[in-house]
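Keep the sequence and the 3D view side by side as you read.

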Amino acid sequence: MPGGGTEQQAKEVCLRLLTDRARSRAELADKLAAKGYSPEIANRALDRLTEVGLIDDAAFAEQWVHSRHTFSGKGKKALAQELRRKGVAQEDAENALSAITADDEYERATELVRRKLRTVPRDLDREKTIRRLVGMLARRGYNPSTAYTVVKAELATDPSGSDTDNAW
């Protein structure tokens, strides 16, 4: 559509996109630009949707962080990168990320390691096991200190509580 479309058409595009999932203002602006809407039309449409509460980057960031941490097991570092890529302002991202405590991260990392340990071959060398598990957590955005601490703690005991250091 040369020159884009009307403000109403831009709002309709945004509303269709928002029915799939919550989106940041920057994501919607990118979609409108890709469809050929002028920056002026896009901004007016986005401003109007923000006024009525359909676009709220702070709420989007909170929802995104909660969902991705709880269901995908992402750590703060990965979540911060995702929010940055989605164009969420740093202040909104930091506020949303502050909802995840160090205990929350430790607990979620422990769950991930326990789940992964069920599929690690028992005859795998201890150092390789540690590297694999720490690497898995690092790829999910956990800091190295948390990752290593969780892995060492989980390898130190098995579910029955007996020491398995000798088995590794």
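Which residue with a positive phi follows α5? Gly-87 does, with its phi near 80°. The model is predicted.

**Helix α1 against helix α2**

- Helix α1 covers residues 7-20, and helix α2 covers residues 25-34.
- The two pack at an angle of about 125°, and their axes are 10 Å apart.
- That angle makes α1 oblique to α2.
- The crossing of α1 past α2 is right-handed.
- On the α1 side, the contact uses Ala-10, Val-13, Cys-14, Leu-17 and Leu-18.
- On the α2 side, Leu-28, Lys-31 and Leu-32 take part.
- By class, the residues of this contact are seven nonpolar, no polar and one charged.

**Helix α2 against helix α3**

- Helix α3 spans residues 39-51.
- The axes of α2 and α3 come within 10 Å and cross at roughly 145°.
- This crossing is right-handed.
- From α2, the residues in contact are Arg-25, Leu-28, Ala-29 and Leu-32.
- They meet Ala-42, Asn-43, Leu-46, Asp-47 and Thr-50 of α3.
- The contact of α2 with α3 divides into five nonpolar, two polar and two charged residues.
- Leu-28 and Leu-32 of α2 take part in the contact with α1 and also in the contact with α3.

**Helix α4 against helix α6**

- The axes of α4 and α6 come within 8 Å and cross at roughly 40°.
- With that angle, α4 is oblique to α6.
- The crossing of α4 and α6 is right-handed.
- α4 brings Asp-57, Ala-58, Ala-61, Glu-62 and Val-65 to the contact.
- α6 brings Asp-92, Ala-96 and Leu-97.
- Sorted by class, this contact holds five nonpolar, no polar and three charged residues.

- An α-helix has 3.6 residues a turn, so residues three or four places apart point the same way.
- The buried residues in α5 include Ala-78, Leu-79, Glu-82 and Leu-83.
- The buried residues of α5 pack against α4 and α6.
- What lies on the face turned away from the buried side of α5? That face carries the exposed residues Lys-77, Arg-84 and Arg-85.

**The buried face of helix α6**

- Helix α6 runs over residues 90-97, and its buried residues are Ala-93, Ala-96 and Leu-97.
- Seen down the axis of α6, the buried residues fall within an arc of 95°, so they line one face of the helix.
- Their cover includes α4 (57-72) and α5 (76-85).
- Ala-96 and Leu-97 are buried, and both also belong to the contact of α6 with α4.

**Ser-24, in a loop**

- Ser-24 sits in the loop between α1 and α2.
- Is Ser-24 buried or exposed? Ser-24 is buried, with a relative accessible area of 0%.
- Neighbours within four places in sequence aside, Ser-24 is in contact with Asp-57, Phe-60, Lys-86 and Val-88.
- One of these partners, Asp-57, is also among the α4 residues that meet α6.

**Met-136, in helix α8**

- Met-136 lies in helix α8, which covers residues 126-139.
- Its relative accessibility is 9%, so Met-136 counts as buried.
- Which residues does Met-136 contact, leaving aside its neighbours within four places in sequence? They are Leu-112, Val-113 and Lys-116.
- Met-136 and Leu-32 are 104 residues apart in sequence. Their C-alpha atoms are 36 Å apart in space.

**Thr-146, in helix α9**

- Helix α9 (residues 144-156) contains Thr-146.
- Thr-146 has 15% relative accessibility and counts as buried, because the cut-off for buried is under 20% relative accessible area.
- Thr-146 and Thr-110 are 36 residues apart along the chain. Their C-alpha atoms are separated by 9.6 Å.

Note on methods
Residues are numbered from 1 along each chain as its sequence is written. This is a predicted model: local features need pLDDT of at least 70, side-chain atom pairs count only at pLDDT 80 or more; totals for chains, interfaces and linings use all residues. Side-chain values use heavy atoms; hydrogens and water are left out. Axes are lines fitted to C-alpha atoms, for helices over the stretch in contact, and angles run from 0 to 180 degrees between N-to-C directions. Helices (H or I, at least four residues) and strands (E, at least two) are DSSP runs, numbered from the N terminus. Angles under 35 degrees count as roughly parallel, over 145 as roughly antiparallel, 65 to 115 as roughly perpendicular and the rest as oblique. A crossing is left-handed if the near helix is turned anticlockwise from the far one by less than a right angle, and right-handed if clockwise. Contact means heavy atoms within 4.5 Å. Ala, Val, Leu, Ile, Met, Phe, Trp, Tyr, Cys and Pro count as nonpolar, Asp, Glu, Lys and Arg as charged, and the others, Gly among them, as polar. Buried means under 20% relative accessible area, exposed over 50%, partly exposed in between (1.4 Å probe, protein chains only). The arc is that of the directions from the helix axis to the C-beta atoms.
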